[in-house]
Amino acid sequence: MSPVNYVYLAALLFTIGAAGVLIRRNAIVVFMCIELMLNAANLTLVAFSRIHGNLDGQIMAFFVMVVAAAEVVVGLAIIVMMYRSRHSASVDDASLMKL
């Protein structure tokens, strides 16, 4: 399979993730779509790394995975606290949490 096909797949995954972020209102679904977009970026980094024959893209993809793991911890904590206080995981209710 050609690395260009991986780039096309990554573009499709990123488009699905971006559409999910823009269309959906549930915070957990939006969070999962952001993760899908990060995975698409990782796939692109690895594909271009393979095309150019070096490991720079794979190292960058590893760091993106580390940042995504930290984002999961912080994001899920925010979503859980929002659900506990508002009994809803809607993005529209998040603006009501301001002090």
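Helix α2 (residues 27-52) and helix α3 (residues 56-86) have axes that come within 9 Å and cross at roughly 175°. Helices here are DSSP runs of H or I with at least four residues, numbered from the N terminus, while axes are lines fitted to C-alpha atoms over the stretch in contact, with angles from 0 to 180 degrees between N-to-C directions. α2 and α3 are therefore roughly antiparallel to each other, a label for angles over 145 degrees. The contact of α2 with α3 has 16 nonpolar, 5 polar and 3 charged residues. In this count, Ala, Val, Leu, Ile, Met, Phe, Trp, Tyr, Cys and Pro are nonpolar, Asp, Glu, Lys and Arg are charged, and the others, Gly among them, are polar.

This is a predicted model, where local features need pLDDT of at least 70 and side-chain atom pairs count only at pLDDT 80 or more, though totals for chains, interfaces and linings use all residues. Residues are numbered from 1 along each chain as its sequence is written, and side-chain values use heavy atoms, leaving out hydrogens and water.

Now turn to helix α1 (residues 3-23), which packs with α2 at an angle of about 165°, their axes 8 Å apart. α1 and α2 are therefore roughly antiparallel to each other as well. Their contact has 20 nonpolar, 3 polar and 1 charged residues.

Finally, an unreviewed UniProt entry lists residues 6-23, 28-48 and 60-83 under "transmembrane region"; such annotations may be inferred rather than shown by experiment. Residues 28-48 are 100% helix, with end C-alpha atoms 31 Å apart. Residues 60-83 are also 100% helix, and their end C-alpha atoms lie 34 Å apart.

Definitions and conventions:
Helix = DSSP H or I, 4+ residues; strand = E, 2+ residues; numbered from the N terminus. Parallel < 35°, antiparallel > 145°, perpendicular 65-115°, else oblique.
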